[in-house]
Amino acid sequence: MNGKNGNNSGNGGLLHPSVDKVLVIEGTHAASYAVKLARVQVIAAYPITPQTSVVEKLSEIVSQGDLAAKFIKVESEHSAMACCIGSSISGARAFTATSSQGLALMHELLHWAAGSRLPIVMVNVNRAMAPPWSIYVDHNDSLSQRDTGWLQFYAESNQEVMDTVLQAYKIAETVSLPIMINLDAFVLSHTSEPVAIPKQELVDEFLPARKPSFRIDTADPKAFGALIGPDAYMEMRYKLYSAMEDARAVIRDVDSEFAEKFGRSYGGLVEEYCTEDAEIVLMTSATAVSTARIAVDELRSMGFPVGLVKVRAFRPFPVDEIRAIAGRVKKIGIMDRNVSFGATGIIYQETKAVLYNAPVRPPLFGFIAGLGGRDITPETIKEIFSYLLNHDEPESETIWIGLKSKSAKQPEHPLPQNPGGQKKSEGV
Amino acid sequence: MGQIKFQLPPEEILAPGHFACPGCGGTLTMRYLLKALGRKTVVVIPACCWSVIDGPVPYSAAGVPVFHTAFETAASTACGIKAGLESQGDHETTVVAFAGDGGTFDIGFQALSGAAERNEDFMYICYDNEAYMNTGIQRSSATPFGAWTTTTPAESPKAENKKNMVEILAAHRIPYLATASVAYPDDMIAKIQKAHDIHGFRFIHVFSPCPPGWKFEPEDSIKISRMAIESKVFPLLEIFNGVDYRLSREPAGTPVTDYIKMQGRFRHLGEKQIEQIQTYVDEEWERLVRKLAPEQHLHQPESRVASKAAKVILAKSQSRKGATS
């Protein structure tokens, strides 16, 4: 099976020789330790629940002299991103972390960072947008930023948070674009897991000091971001677009290089689980993937030919990977922990878009689940698979899962009595 | 007014061929800033006239690195650049946020206040032309009472007084705060150089006339700047640590009418409104004088001809106080 789980298992995990020590830490602290290992030079951040422990831990690390970084405790997320932009154009390696409303406040400067082609890395703890106030997970905050020119990763485990921050600096500094690493509020941000902390010298080899191809330099004065006419703006946008296109190969290469050095791989843009002989696959992202692994295992043991696709990179969107999967399965369900009002779930939209011109287009089913921290349990996933097993085509463009108004007649989509019509997968 | 003799630093770092209007105060300010600081300077420019003046891609008139940034981020971007340079061992380069009044008094105020409170180590220059001039003369909180702008038309000119940014920044207790005018380049350069040698957050508020926005002939920019000072509309001063006030130049105390009448933006004002402006200017002046330490009323940043004794001002203000109380 090509579903090699990168999370602590894989080919090495906690016992790999690259490991300095294993800490049982929250997702937020995994980000903080990664920032230390990446030898970030400027940190600018503003507190917001549930991101706070990222910056609290970093404050400790910097105060204790364990990281020689300037830590600017700004008065807003907007200023945090402006500080990162300033420090990055000066040539320094910059970091910030935020969540939800803070990310939304940064929106203008997300464009500024990407348009300036600055390799800033940011951790965003995915939290639902208000109103009404919510501090719990969904992905509308980061997905609302999809057109800003930032790469976006969604992490499934605390180890993946740490490893993706390290990979992100390397990718960002290669393609000159900023990267956002997303982790689910509380489900990951405040859940402790064992995390292998790699040896500093190996990280230094993997991620040497930044060598900016352009920066502010009084010996070579240049103006950055000045007024530009219609004769050249479009070409600059094309370059940004091309850099994002090129990022796909860079993400794959960096993930392979990381795997070689540290023994953990995340598949690049997507990770597949039990998809080799699957007829029905579910695509989703972040911590729901772990839950879905359990549901897939269970359904497989019952003989259902199901598989799982983890969308790790949302920007750039994994076009080739998704087209390849679509070419060999009968149905694809997409579970979005977000909603685009007036349209559908966002990953569903994007998947439809990349398949429209593909040679093979299996039916797609768009599910919306888990908004505002509503639990996504193995039962939720099984309900989705039941729907997929029971329907040749979706009954509507979006299928909301777990809405309370519907819960009276639960389970709405019981599993078929036997895997009927569906080919049993072998070896389960 | 007597002839002032002074020597400006001879090197012209600002190139000719920039995009400024004739008589632009903001451009003279940049010219003197660069003369004062030299080439080891980085300038951060938010949305303002200077987003245009410096020149479109691929041109730049400034002669030093310029980073164009979003409207409300002059202070926060400058703060990041300084931290970035420091983190790479560059402790020499001076980082300057160079913003208009809109980017300073209004939309950039939060970032400015944050940087001032944190005493970030960079210099902030506000070239104040008293409205959103780059977008076509809309009122800002720096627009004075009675002024016409495109959003405060002559039928209902601005009803509020100008925001007192100097007092707001003094309340942040920043190490150095000064006002300057394009009419006195020697004073401005001396203040910028003094600011250069001070560690922490430094703010210089520059009175920057705008011929198209204020409706006067470009050749009168310097004259209008002088009249703003002499009529006490724009006092030249320094404030150390937010509490130690020093006057840089004693105003002659000419009536504001002369200053007002030179500018088309005030053309619609009647005698009563001009009187109202005079009263406000006098009251603000008295409030300022009360803050000057008696022996420090007049303090020119570079020891040039110390004109009249400070006590004259104090005596004047006290007699006026006595008359009104």
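Predicted model: local features only at pLDDT ≥ 70, side-chain atom pairs only at ≥ 80, totals over all residues.
Now strand 4 of chain B. Which strands does strand 4 of chain B run parallel to? One is strand 3 of chain B, joined to strand 4 of chain B by five bridges. The other is strand 6 of chain B, joined to strand 4 of chain B by six bridges. To find these pairings on the screen, take V96(B), which has M123(B) in strand 4 of chain B as its bridge partner, and D128(B), which stands opposite F207(B) in strand 6 of chain B.

Is strand 4 of chain B buried or exposed? Six of its six residues are buried, so strand 4 of chain B is largely enclosed by the rest of the structure. Both of its faces are covered: M123(B), I125(B) and Y127(B) are buried on one side, and Y124(B), C126(B) and D128(B) on the other.

Strand 9 of chain A, residues 223-224, pairs with strand 2 of chain B in the parallel sense, over two bridges. In that pairing, F224(A) has F67(B) as its bridge partner.

How many residues does each chain bring to the contact? Chain A brings 38 residues, and chain B brings 38 residues. On the chain B side, at least two residues each come from strand 1, helix 2, strand 2, helix 3 and helix 5 of chain B. Helix 3 of chain B gives the largest share of that side, eleven residues. By type, the chain B side holds 16 nonpolar residues, 17 polar and five charged.

Next, chain A, which takes part in another sheet. Here six strands make an open sheet with mixed pairing, in the order 10-12-11-14-15-16. At its edges are strand 10, residues 270-273, and strand 16, residues 399-400, of chain A, and each pairs on one side only. Further in, strand 11 of chain A, residues 280-284, runs parallel to strand 12 of chain A, residues 306-311, and five bridges join them. L282(A) has L308(A) in strand 12 of chain A as its bridge partner. Helix 12 of chain A, residues 378-390, lies across strands 11, 12, 14, 15 and 16 of chain A, running at about 135° to strand 11 of chain A.

Now two helices of chain A. Helix 6, residues 158-175, packs with helix 8, residues 233-262, at an angle of about 135°, and their axes are 9 Å apart. The two helices of chain A, helix 6 and helix 8, are therefore oblique to each other. Helix 6 of chain A passes helix 8 of chain A in a right-handed crossing. Residues making the contact include D163(A), Q167(A) and K170(A) from helix 6 of chain A, and A243(A), D246(A) and F258(A) from helix 8 of chain A. The contact residues divide into eight nonpolar, two polar and four charged.

In helix 1, residues 27-37, ten of the eleven residues are buried, so helix 1 of chain A is largely enclosed by the rest of the structure. Among the buried ones are G27(A), H29(A), Y33(A) and L37(A). Just after helix 1 of chain A comes R39(A), with a positive phi of about 50°.

The other item is N124(A), in strand 5 of chain A, residues 121-126. Why is N124(A) called buried? There are 28 other C-beta atoms within 10 Å, and the cut-off for buried is 20 or more.

Key
Residues numbered from 1 in each chain as written. Chains lettered and ligands numbered in written order. Contact = placed C-beta atoms within 7 Å. Helix = DSSP H or I, 4+ residues; strand = E, 2+ residues; numbered from the N terminus. Nonpolar A, V, L, I, M, F, W, Y, C, P; charged D, E, K, R; others polar. Pairing = 2+ DSSP bridges. Axes fitted to C-alpha atoms, helices over the stretch in contact; angles between N-to-C directions. Parallel < 35°, antiparallel > 145°, perpendicular 65-115°, else oblique. Left-handed = near helix turned anticlockwise from the far one by under 90°. Buried ≥ 20, exposed ≤ 12 C-beta atoms within 10 Å, placed from the backbone.
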